[in-house]
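This note is for a colleague who has not looked at the structure before.

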Amino acid sequence: MTLAALDLTDASAAGQLIGFGLTRGARPVEGSDYRNLLDRYRTDLRFKDTVDTFAEGLGLEVLGTPRTGLVLAPEPTGPFATRLADLKTAMDAEEKLVFGLILVAVAAYAYPNEVDLDDPDTKLVDVVKLDDFIRGAISGLRAIDAPDVSNGERARTAADVYADMPSLIPTPHGRRKQGCTLRAIEIVCGWLVDQGAAREAKTLGPDTFQLTDRFRLLVADSAGSEALEVLRTARRTEVTA
Amino acid sequence: MAENEDGGGAGLPPLVSPAADATARGRWRALVLTDPIHKLVRNAAHAGVDDDVYDLRQLAMAAVDLAVASMGFAREALLEEVVDALAVLAARMQSGEEHAPRWRDVAQLVIKGLLNDAHEQRRFSYTFADLTDPGATRFDTYSFRLLSLRDTEYGPVLIASDQAVMLFLDGLDVDIEDAEAALAHVLQRQLDDERFDAAVRTATMAERTSLGMSAMLTDLLDATSRDVRSHDWLVDVPDRLGRARKHVAGRIAEEDKTLEHVQNGLDGDVSPAVRVASGQIVDLLRRAKRIHLDLHDRLVGARDVFLTAQVRQRLARRRRLRLLAIGEELFTPILALPAEPATAVVETFADRSLGVRVPRLARFDDIVDLLWAPPRQREVAEPDVEDPGDEDPTEDIQRYPEAVLRTARDVLALTRTAPLRLSALLDAAAAVDPSVVDGAVDDVVELVLLSALWAFAPDISGDDEEQAGEVDLLASGLAAGDDGTALNHPLASGADLLVTADSPASPAGELAAALSSEGGRR
């Protein structure tokens with residue numbers, strides 16, 4: 001296949017589509033420019049290549065085109081990357097672990113198996129239910145993995161850190177105070193909403209959030225495999241150490 | 001069961017007829033489809049929703065109806081619309097404003113039940129024991145959803161599954177295309193036999209069936225244009241699309257014929273009853289035809305999408321293997337990991353799952369604002385705002401009543417004739433007629449005491465609002481001095497101040513006007 005020179009109007013259109021993908025709140029409703037470009041991306045292979053290449057140059061990767069629009073994943077070193085550390089200043093090590101753990105738990109709760117990652121259904125996350133889910137997983141783990149007495153003092157595991165944090169510390173106003181896991185889950189859900197990875201689902205009650213296709217694709221095609229890789233390395237060093 | 005038949009020995013005929021056995025699976029499925037709704041009714045009892053008050057089964061049916069009916073058209077039913085509609089129905093079941101907060105709860109409960117929220121919105125799963133083979137019993141799992149939530153460009157919408165469509169069509173597990181064709185035949189016969197009442201019923205069912213079929217195909221079409229990976233592209237999808245196109249085209253032609261038939265009948269001399277029934281049939285048929293036309297348009301368009309998608313599928317390989325099970329392979333192992341390596345894993349996950357963030361250039365104004373602003377304490381909950389209540393000043397409970405003010409003023413006016421000791425003023429205040437101040441003698445005493453203190457040492461820091469208002473106004477014409485006499489009074493102790501009025505005109509005169517217009521707080 002010989003490649004003809006790139007049409008400059010295509011370059012402009014590709015840039016426009018990526019711009020829509022980066023804009024929070026841009027929705028490809030019927031008849032909008034965004035929708036037309038998205039349809040073109042879905043059907044016109046050449047345009048798709050142009051957009052993909054353009055995005056690559058910006059440090060982005062197109063993960064998919066669900067109905068809500070173009071889903072982009074940033075290169076971790078690129079200008080569009082989001083880091084956990086950017087979202088909250090002055091996090092200590094334990095806080096970072098708890099927040100990160102909650103994010104993994106959200107994914108595990110919503111998409112426990114491979115098939116769930118391909119399922120376009122939107123999952124709901126409830127703050128209290130998620131805390132129950134994490135604590136349930138921790139007690140399940142303890143039931144199998146009784147503390148190793150021979151080893152003397154056992155290193156504090158991620159499960160210990162989470163379990164040691166109280167579930168709820170109420171404020172005088174009946175809200176959740178900093179330092180409890182329910183508040184931490186609330187904060188993480190707030191981040192997800194800010195990042196367009198979730199929406200508040202007030203229609204179905206307070207504390208209820210609805211995950212978006214963006215989060216599903218990011219977990220499926222980017223975060224999951226990378227985290228698994230780090231996990232494998234960590235376990236390997238643990239075994240050899 | 002089969003062994004029982006063989007070994008029963010009594011020569012009894014088998015209890016289960018072969019015909020019943022052959023249809024067992026179909027009937028079992030029809031039975032199981034309604035089970036999630038029974039479950040949600042049972043769970044509702046735990047949530048304090050009384051099944052006798054709110055007909056939850058009917059609400060669930062209404063939710064399915066709404067979802068199925070809107071899938072045939074351009075936009076699916078928004079979650080919010082469905083919850084609102086159910087709340088309206090709930091309101092009719094238990095009317096009265098005092099029940100209003102419950103209506104939405106009930107609607108939420110029904111929707112969550114249909115989404116299987118109790119089990120992380122997984123599929124409903126049931127096990128069927130297949131007994132057709134006498135030698136062995138096989139267990140099959142039948143999993144299905146009723147409603148599911150999808151994120152769309154319009155917001156979250158509710159999608160009805162094929163099983164929900166079955167439920168919508170009287171719970172029968174039938175081939176929907178066959179059902180449509182069969183209903184058309186029945187309708188034709190009823191029209192020929194001039195059984196118009198029956199024909200109206202059949203036409204209604206035919207319209208519902210069209211809606212159901214449209215809903216099923218809409219989902220397939222949506223999946224077609226959205227994601228190639230989730231469907232069997234080689235056989236299943238093209239097959240179904242082809243069949244659907246043929247079927248829909250056939251139905252449109254048939255509907256035209258039936259419509260013409262009914263309308264021709266109307267031209268002759270007919271009774272009003274027949275005219276009404278025919279009118280209804282025409283309406284229903286027109287609606288069904290519109291659904292079919294709409295569907296046909298989309299099916300024709302889907303062919304192109306399908307072809308390009310096929311090409312794309314051949315060219316674009318899936319980039320990575322998707323992680324197997326996040327729960328088992330990632331989440332659980334992380335929990336067991338020591339804190340430090342676990343942090344590294346979750347941080348990697350977090351950095352990649354949070355998506356893009358568009359860098360914004362820091363603007364000078366923002367930075368200056370940031371520096372000026374006091375440190376933000378985000379985690380402290382906002383204080384509950386007190387309801388200020390009515391603005392009517394006479395009703396302000398924080399304010400001294402008018403009668404108390406007037407009486408205190410009269411007491412303080414005594415100083416105009418001669419300087420008085422605080423103890424004397426307090427006695428005078430304590431001696432006022434309780435009926436004049438509505439029993440609030442203590443308030444008069446307090447006001448007099450505060451005024452004297454204010455006259456001695458005005459609180460100019462201004463941050464204590466309790467002192468402001470009436471007190472400083474009353475005290476503004478007064479001066480108080482401490483000449484060393486000790487105060488020995490049951491109400492106060494300290495120095496027995498000598499209170500004098502600055503000018504004979506104060507404090508009553510013009511201050512009275514100022515007081516009445518400027519009601520301060522205690």
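1. In chain A, β3, β5 and β4 make up an open sheet in the order β3-β5-β4, with antiparallel pairing. Strands are DSSP runs (E, at least two residues) and helices likewise (H or I, at least four), numbered from the N terminus; two strands pair if DSSP finds at least two bridges between them.

2. The model is predicted, so local features need pLDDT of at least 70 and side-chain atom pairs pLDDT 80 or more, while totals for chains, interfaces and linings use all residues. Residues are numbered from 1 along each chain, chains are lettered from A and ligands numbered from 1 in the order written, and side-chain values use heavy atoms, without hydrogens and water.

3. Three antiparallel bridges link β4(A) to β5(A), residues 208–211. In this pair, A:A198 faces A:L211 of β5(A). Helix α9 of chain A (residues 181–194) lies across β4 and β5 of chain A, at about 110° to β4(A). Such angles run from 0 to 180 degrees between N-to-C directions, with axes fitted to C-alpha atoms, for helices over the stretch in contact (heavy atoms within 4.5 Å).

4. Chain B has an open sheet of three strands, ordered β6-β10-β7 and antiparallel. Its edges are β6 (420–421) and β7 (478–481) of chain B; each has a single partner strand, so one side of each lacks a neighbour in the sheet.

5. β6(B) and β10(B), residues 498–501, run antiparallel and are joined by two bridges. Helix α17 of chain B (residues 441–456) packs on this sheet, touching β7 and β10 of chain B, and makes about 80° with β7(B).
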